[in-house]
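Have a look at the sequence and the 3D structure below. We will go through the sulfur links first, and then turn to a group of paired strands.

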Amino acid sequence: MFRNPVLADDFPDPFVLRAGDSYYAYATTDAAQHLQLASSPDLVHWTELDDPLPKIAGWSSGDTWAPEVSKTTAGYVLYYTAHDPDLRRPDNNGSQCITVAVAKDPKGPFVDETKKPLACQPAMGGSIDATAFRDADGSRYLIWKNDGNCCSLPTRFWIQRLSADGLALEGKPTDMGVVNDEPWEGGVIEAPTLIRHGSSYYLFYSANNYDSEFYSVGYATSAKVTGPYRDAPENPILASAWNHPPKSRARGPGHQSIVQDDDGELWMTYHAWDQDAVGYENFGQRAMWIDPLVFDGAKAVVKGPTDQPQPMP
């Protein structure tokens, strides 16, 4: 048995990769590192490791966020968000953009040799929160959000074909059909995660203000990988507000990823504040939690957030 949180330090935007017999969790920058990394044999007991990205791209001035890693023929490919001071968005500030780095080992060191961002939409506020998806036929895609909420612009999710090695985009991006227009979203959608279940594609995402109890997770579905996706009517499905009165100490659960355990069961990993310290201004931290993700017919259900004892993965 175990209890949440599984990693009690500040570990925001966690993405968990299964590689061999180990799990690796990557997280947004802290005060001392470009990115954070931890490893585990079982999704519950974690050891924090060195910065997997010792050096960022030469064009970037920092602000490294939301790392995700995919295994391809090139090795382990890291997609992350970084600041480009020369690509001006509508408020005349530099843009957050998506870039890529490669390593031979999931622990790194990842090397970013790019001369410019992999993807960026400065006229739409920038591009952040990249996630990679490999379909059943082997085709690869990159999904992200345009950072419209920076500049009072619509925020949408975009999908574009990736090369087989995951290092280059092919064709043009497609609007996936999800926009920040629902009350529970609070004007913000972010952190897309795509999986296929049965004949449908499930696009999970987080919404609302990240440093509040209203941050939550919902999803949308489509019969085609490129969409259009339709919001689930029961959204949000992981929350500490809205239609989910708190039943644990978790507040504002979100920025999820999904990983499969040894038994083929799915787990949603995410960060959450503690009820006594929501927001950094209140000296809070975003710890990493995990809870089972199951399907009730076509509905996705997260059995959390819970801090009660539950079976180990």
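A search of the whole structure, which is a predicted model, finds 2 disulfides. Counting the bonded cysteines along the protein chain, the pattern of links is 1-2, 3-4. The table sets the two links side by side.

| Disulfide | S to S distance | Angle about the S-S bond |
|---|---|---|
| Cys 97 to Cys 120 | 2.1 Å | -55°, left-handed |
| Cys 150 to Cys 151 | 2.4 Å | -85°, left-handed |

Let's take the link of Cys 97 and Cys 120. A disulfide joins these cysteines, and the pair links distant parts of the chain, 23 residues apart. Cys 97 belongs to strand β7, while Cys 120 sits in the loop between β7 and β8 (127–134).

Is Cys 97 buried or exposed? Cys 97 counts as buried because its relative accessibility is 0%, and the cut-off for buried is under 20%.

Cys 150 is partly exposed, because its relative accessible area is 24%. Cys 151 has 15% relative accessibility and therefore counts as buried.

Cys 97 brought us to strand β7, so let's follow the pairing from there. Strand β7 covers residues 94–103 and pairs with β6 in the antiparallel sense over 10 bridges. Which residue in β7 stands opposite His 83? That residue is Gln 96. The hairpin of β6 and β7 has 5 residues between the strands. In this hairpin, Asn 92 takes a positive phi near 70°.

Strand β6 also pairs with strand β5 (residues 65–72), in the antiparallel sense and over 6 bridges. Here Glu 68 stands opposite Tyr 79 in β6. How many residues does the hairpin use to join β5 to β6? The hairpin joins them through 2 residues.

How covered is strand β6 itself, which spans residues 75–88? Strand β6 is mostly covered, with 10 of its 14 residues buried. As you trace the strands, here is a general point to keep in mind: in a regular strand, side chains alternate between the two faces of the sheet.

Methods:
Residues numbered from 1 in each chain as written. Predicted model: local features only at pLDDT ≥ 70, side-chain atom pairs only at ≥ 80, totals over all residues. Heavy atoms only, no water. Buried < 20%, exposed > 50% of the residue type's maximum accessible area, 1.4 Å probe, protein only. Helix = DSSP H or I, 4+ residues; strand = E, 2+ residues; numbered from the N terminus. Pairing = 2+ DSSP bridges. Disulfide = S-S within 2.5 Å.
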